[in-house]
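This report is meant to be read alongside the structure shown below. Please keep the sequence and the model in view while reading.

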Amino acid sequence: MTEYVQIAETVTPLQGAIHRLEAQFAGAVRRDDREGFSGVIVDSGRLVEVATFARDTLGFSYLSSATAVDYLGKAEGDPLEMVYHTYNLQGGPALVLKARTPRSEATLPSLVGVWPGANFQEREAWDLMGIRFEGHPNLTRILMWEGFNGHPLRKDWHEAYYEEDTKPFDSRWPEGRVSRAEEHNPYGRNVKYPADFALDGYESLAEKALYDAAPMGVHVTDMATDRVVVSMGPQHPSTHGVFRMIATLDGETIVGLEPVMGYLHRNHDKIGERNTFLHNMPFTDRLDYFCSMSNNHGYALAVEQLMALGKRYEPPTYRAEAIRVLMVELTRILNHLVAIGFLLNDLGAYFTPLMYAIIERELILDFFEATSGSRMMCNYMRFGGVAYDLPQRIEGTAALVNDRVRDFDTMHYLRDLINDRLPRAIDQTNDLLTTNEIITNRCIGVGVLTREDAIACSAAGPVLRASGVPYDVRRAEPYSIYPDLEFDVAVRYHGDIYDRYLIRLDEMRQSIRILKQILPILEETKGQPFFAGRGGQYNPRIPAGEAYGRAENPKGELGYYVVSDGGQNPWRYHVRAPSFINLTALEQMCKGHKVADVVAILGSIDIVLGEVDR
Amino acid sequence: MTHSNEDFFRELHHPDVPVPEGVQSAVAVTSFGKLIDSIYNWGRRNSIWPMSFGLACCAIEMIATASSRFDQARFGMEVLRASPRQADLMIVSGTVTKKMVVPIVRLYNQMSEPKYVLAMGACAIGGGPFKEGYNVVSGIDKYIPVDVYVPGCPPTPQALLHGLIMMQKKIDGQSLSNRNSMPWYGRAPSEEVPMPVLGPDIIDPRQAYLLRREAAATETAADEAEVST
């Protein structure tokens, strides 16, 4: 195990950066001195200047997350606060920039010019918080539809089924009688209309706004092709769920592409603020529903960071962390196999490669089911450990006709899986697909994302690393027991679909390498505690403060920005979803290619809609 | 197949007509209508084409059900069609949001009859864990009729298979002589479900009268307030 040596009286690069910011922008930058908070609060008038300085001079070139918090009743003047987490690609902690604006006329300068990756995130902040961004190229609603009433994440906005601010709701059992929200709603449904709404003569803006933005009509210029606007999705077999694109075509070539999302916007953020901290754990399962284990891990990290009062988070118990890493790396293999299967689906090899992937997925899910009780939605991690130890045996729960009776020793099963079965599956995928002529023809040189664009658009995970940026949160800002483990950060340099495919193979091989190191740790630590808190007490008191927990998920950097006011529920709970932000670069990758390539490019980004829309 | 030959004949057989014992598994005396029903239903129940249409987490378990381990093909349901025109079963697999319910209703209207709907998972049944969300429809049955509900979050592939078998049972029970059970042979085309509209919140045209009533109520309240001041 690595020993960390504390060197006294040194200035960390982050402190140095903050000193320089303060010196450069005296008066416009002040430290956030609230207990448990970090970063600097920037005068909104000079935000663009400060951001440009941080990016160019201080080297914080990567904007990880931009989100808004409503401090209604928590700070003077009830401001809305925009929080930007920026990182140096050499590694290290975040420089957090914050800007405040009054809630009545909420306006801030847009940072799209500095970090194009802020584009969708600012649109989200406008949609859900109602902050207007001056200079934003297309400030329209992104998750809800045009014409929706209000900005739902504001604290004074209440949903149709509103009962109380925080759970558990007392209102559900008034006088010992169960009461359901729909009984109090005049429509008996989850709807609410503004008081002055008149139905007659109402025209919906939702679709109109989309097509108004696309340059519709026939433009016959030098070539005899028509410009056509095509809506793809939300029901389309190749959009991986309910994703939709408004593509403007010149002939068959893409000249413009506008992603439309929100068809699976399930209000994680708003529900998360009503829930207690622990309540949110099962909700994180449903974000990226292929990788419930890794989602759990990111959220546990964020809350553990809050519990440690913002100090460097320490692994709760070594066994718990080893189990967590085991789960997360198995999830990564599962996800990448399925992602490759879906990519091939999009390239025309309908369902067969996916079938191969699902065989391995089922084996991993058997283990998850035996450990956590559920195949997909594991809800397995807790603040300070995991919910259960690994089981002794993996036993059959399904008595299906074509299913053999399952009864294996867990460690034997894992050894078999990790040393033999999964490497073979990866090699098989490689043998069958990598040199396939159709794949090479359709993937090499298509959908290129350059290194600079990848960084500017805040791409994360395999998409970033396939463009030649060796940035992996497991190495850049190590968490869990990753510092003790040996593995390489996979990187490829062409940034096309083919590299994004290859890097997934590379990452799976690295995951196997990690898993092989985990197996002996699991043997050694057998019998040690897997939960650091007091027995069975999963809902600890969370001190006030903020935390940004980030984990390297299979799809990219998953971040949870959690603000606590010291109560039982998070004051703000925001998910920085890698799939969502990776889509920022989609239009850029697709322009100039044919319609059929869009499908393949989208497949190579590997999105999952539960996470895109949250 | 859930039916053995013998079961099949026993169900068809008219109870009042005696058949000698040795041939009961091979002979059935039945009415013409019942025979036609059973052939018609047998054909439909064994070649249900679901629409390949995934909404959320449940869609992944739906794909798992279609893959080799659970093998939906055993029930004649492996042909997932992307076009609603070619599909006769809509598996609503996941959370239905207000934004998504508009396309879902449109897809449902586009499906040709006979058509069935299976609500898969807690969200499609009643909103599930996301029920209180401002963009969530608490149950697809608020908009389109549902034939089979499969609970779970997400339901395991076994549960979905069970739901599909229940769907087959439901089809078995339908009769050509009963217009209510097969409305698609009625005199006029079946009525379409009215399309919801995305307004300040989702508007169901069937609830327009409620909306007008509420608006009138607020107006009177405002008038009264004005008079009193």
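## Helix 3 of chain A

The model is predicted. In chain A, helix 3 covers residues 118–129, which makes twelve residues. At 1.5 Å a residue, these should span 16 Å, and the end C-alpha atoms are 15 Å apart, which agrees. Just after helix 3 of chain A, Gly130(A) adopts a positive phi of about 75°.

## Surroundings of the helix

Is helix 3 of chain A enclosed or open, and what covers its buried residues? Twelve of its twelve residues are buried, so the helix is largely enclosed by the rest of the structure. Among these buried residues are Phe120(A), Trp126(A) and Leu128(A), and also Glu122(A), Arg123(A) and Asp127(A). The cover includes strand 3 (62–70), strand 4 (80–87), strand 7 (132–134) and helix 16 (578–582) of chain A.

## The sheet of chain B

Strands of a sheet pair through backbone hydrogen bonds, in either a parallel or an antiparallel sense. Chain B contains an open sheet of three strands in the order 1-2-3, with parallel pairing. Strand 1 (89–93) and strand 3 (148–150) of chain B each have a single partner strand and stand at the edges, so one side of each lacks a neighbour in the sheet. From one strand to the next, the twist averages 20°.

Five bridges join strand 1 of chain B to strand 2 (residues 116–120) of chain B in the parallel sense. Val92(B) has Ala119(B), in strand 2 of chain B, as its bridge partner. Helix 3 (residues 57–66) of chain B packs on the sheet and touches strand 1 and strand 2 of chain B. The direction of this helix makes about 130° with that of strand 1 of chain B.

Conventions
Residues are numbered from 1 along each chain as its sequence is written. Chains are lettered from A and ligands numbered from 1 in the order in which they are written. This is a predicted model: local features need pLDDT of at least 70, side-chain atom pairs count only at pLDDT 80 or more; totals for chains, interfaces and linings use all residues. Helices (H or I, at least four residues) and strands (E, at least two) are DSSP runs, numbered from the N terminus. The expected span of a helix is 1.5 Å times one less than its number of residues. A residue is buried if 20 or more other C-beta atoms lie within 10 Å of its own, exposed if 12 or fewer, and partly exposed in between; C-beta atoms are placed from the backbone. Two residues are in contact if their C-beta atoms, placed from the backbone, lie within 7 Å. Two strands pair if DSSP finds at least two bridges between them. Axes are lines fitted to C-alpha atoms, for helices over the stretch in contact, and angles run from 0 to 180 degrees between N-to-C directions.
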